[in-house]
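Q: I have a sequence and a fold to read. Please take me through the features one at a time.

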Amino acid sequence: MRRPNGITTSGKLEADDPARLAAIGVRHVVNLALDDHPEALKNERELLAQHGIKYTHIPVPFDKPTREHVDQMIKAIEGAPGPTHVHCIMNYRVSAFFYILDCESGVPEAQARELMTKVWDPLFSDDPRVAPWRKLLS
């Protein structure tokens, strides 16, 4: 997903994604997933470095997202050397964090929610696994 400010987002990266990201001008990748997730790209930092892409890893446990994680992502993006790509495994963490950023930057809540719900909607899910996300987003 391409955001209005030029930041791109996605779920998990595949082995050919570092080259693809470099080709579109990405200079920094922020990963919010855990390294030990079975679908995580092995050696992501090294693969990105081969393409001249800076890497920031902010591991966000899916069952324990915090405001501190959001703040770390903001700091990483603000310190980025150029166009930034933010990802996790399913793009859930990313879309929720950008919902918070959008609301705080003056985007009407309904519009921010619409952007998030293109990926998922933790605010209106009955799934108990999203309870920590509802708490963070409220």
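A: Start with the labels: helices (H or I, at least four residues) and strands (E, at least two) are DSSP runs, numbered from the N terminus. The model is predicted, so local features need pLDDT of at least 70 and side-chain atom pairs pLDDT 80 or more, while totals for chains, interfaces and linings use all residues. Residues are numbered from 1 along each chain as its sequence is written, and side-chain values use heavy atoms, without hydrogens and water.

Q: Where is valine 26 placed?
A: Valine 26 sits in the loop between helix H1 (17-23) and strand E2 (28-31).

Q: Is valine 26 buried or exposed?
A: Buried means under 20% relative accessible area, exposed over 50%, partly exposed in between (1.4 Å probe, protein chains only). Valine 26 has a relative accessible area of 5%, so it is buried.

Q: What is valine 26 in contact with?
A: Contact means heavy atoms within 4.5 Å. Leaving aside neighbours within four places in sequence, valine 26 contacts Thr8, Leu21, Ile53, Pro83, Thr84 and His85. As for glutamate 14, its C-alpha lies 15 Å from that of valine 26, and the two are 12 residues apart in sequence.

Q: How do I read a nonpolar core?
A: In soluble globular proteins, nonpolar side chains tend to be buried together. A nonpolar core is a set of buried Ala, Val, Leu, Ile, Met, Phe, Trp, Tyr and Cys residues joined through side-chain atoms within 4.5 Å. Here the largest has 29 residues. Leu32, Met73, Val86, Phe97 and Phe98 have the most contacts inside it. Helices H3 (67-78), H4 (92-104), H5 (109-117) and H6 (131-137) each supply at least two of its residues. The largest share, seven residues, comes from H4. A second, separate core has eight residues, including Leu21, Val26, Val29 and Leu41.

Q: What does leucine 32 touch?
A: Not counting residues up to four places away in sequence, leucine 32 touches Ile58, Pro59, Val60, Met73, Val86, His87, Cys88, Arg93, Val94 and Phe97.

Q: How many residues of H4 are buried?
A: In H4, 10 of the 13 residues are buried, so the helix is largely enclosed by the rest of the structure. Its cover includes strand E1 (8-10), H3, strand E4 (84-87), H5 and H6.

Q: How are aromatic pairs described?
A: A pair of aromatic rings is described by the distance of the centres and the angle of the planes. Rings of Phe, Tyr and Trp (its six-membered ring) pair if their centres lie within 6.5 Å; planes under 30 degrees apart count as stacked, over 60 as edge-to-face and the rest as tilted. The count here is six aromatic pairs. One of them, phenylalanine 62 with tryptophan 120, is tilted, at 5.8 Å centre to centre and 45 degrees between the planes. Phenylalanine 62 also forms a tilted pair with tryptophan 133, at 5.4 Å and 45 degrees. Phenylalanine 62 lies in the loop between E3 and H3 and tryptophan 133 in helix H6, so this pair ties together parts 71 residues apart in sequence.

Q: Which residues form the aromatic cluster?
A: Phe62, Tyr92, Phe97, Trp120 and Trp133 form one cluster.
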